[in-house]
Amino acid sequence: LRGLTFILLVPWAILLCYIVISTIEEFFVPTISKLSTFFALTHSIAGVTFLSIGNGIPDTFFAFIAFWQGSTDFAICAAFGSAIVVLTLVYGMVLVVATWNHKVEHISFLDESEKRSETTIQTFKIPRRTFLRDIICLIIVCSCLCFVFSKEYIPFWQGFIFAGFYILYLIIVFIGRSINQYLKKKKTNKKKKN
């Protein structure tokens, strides 16, 4: 009976994934794109605000419900599992599709002096500063989580510190973007004068 249940659940899971993917493609991505255009946000800022909050809300509600029902380990493992799925499976599939659809020869970091091409490119380039900023912030937060979870008792106020980490991360992103825009404007003005 379990084997039959598993056989029936696999097509159901595939159907649900298809529905979620088509909904995201039809509604979520265009909406995020229009919001970022309306608020004059870059893709990086829209990604760390609208997109990440939209992606994290279901995990947040799941964690609240699991904590209220006394399944603390389930909530923590689900949150870490979700992050690991995004960092491994999702990015892995994105790289597979990017290399398959665009015939990407290799992956490298995008230098600040290079312009991004809207056409099909032979190299999948990652903005170096953005990548390093995100990885460093992720390592710091994961290290703090390890420290907090190593204790037997977790004070109430530590939850607010992690919410503060996200606000600090947003401030870092906005300041970094402002500095980058200032440097680009300064460089453009310098070229115009010469």
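This is a predicted model: local features need pLDDT of at least 70, side-chain atom pairs count only at pLDDT 80 or more; totals for chains, interfaces and linings use all residues.
A disulfide is counted here when two cysteine sulfur atoms lie within 2.5 Å of each other. In general, a disulfide is a covalent bond between the sulfur atoms of two cysteines.

Consider Cys142. Its sulfur has its closest cysteine sulfur in Cys146, at 6.8 Å, and this is too far for a bond because the limit is 2.5 Å. Cys144 is likewise in no disulfide, since the nearest cysteine sulfur, again that of Cys146, is 9.3 Å away. By this rule, the number of disulfides is zero. How accessible are Cys142 and Cys144? Cys142 has a relative accessibility of 31% and therefore counts as partly exposed. Cys144, with a relative accessibility of 26%, also counts as partly exposed.

The wider setting may now be described. The chain contains five helices and two strands. Read from the N terminus, the order of these elements is α-α-α-β-β-α-α. Of the 194 residues in the chain, 13% are buried. Among contacts with a separation of 6 or more, 36% are between residues 24 or more positions apart.

The next step concerns two helices, α4 and α5. Helix α4 spans residues 128-149, while helix α5 spans residues 157-193. Their axes come within 12 Å and cross at roughly 170°. Because angles over 145 degrees count as roughly antiparallel, α4 is roughly antiparallel to α5. Which residues make the contact? On the side of α4 they are Arg129, Arg133, Asp134, Cys137, Val141, Cys144, Leu145 and Val148. On the side of α5 they are Gln158, Phe162, Phe165, Tyr169, Ile172, Val173 and Asn180.

Is Arg133 buried or exposed? With a relative accessibility of 17%, Arg133 counts as buried, because the limit for that class is under 20%. The side chain of Arg133 is joined to that of Asp134 by a polar contact of 2.9 Å. When neighbours within four places in sequence are left aside, Arg133 is in contact with Ser44, Val48, Tyr169, Ile172 and Val173.

Definitions and conventions
Residues are numbered from 1 along each chain as its sequence is written. Side-chain values use heavy atoms; hydrogens and water are left out. Buried means under 20% relative accessible area, exposed over 50%, partly exposed in between (1.4 Å probe, protein chains only). Helices (H or I, at least four residues) and strands (E, at least two) are DSSP runs, numbered from the N terminus. A polar contact is a pair of N or O atoms within 3.5 Å; within protein, one must be able to donate a hydrogen and the other to accept it, and residues adjacent in sequence count only if both atoms are side-chain atoms. Contact means heavy atoms within 4.5 Å. Axes are lines fitted to C-alpha atoms, for helices over the stretch in contact, and angles run from 0 to 180 degrees between N-to-C directions. Angles under 35 degrees count as roughly parallel, over 145 as roughly antiparallel, 65 to 115 as roughly perpendicular and the rest as oblique.
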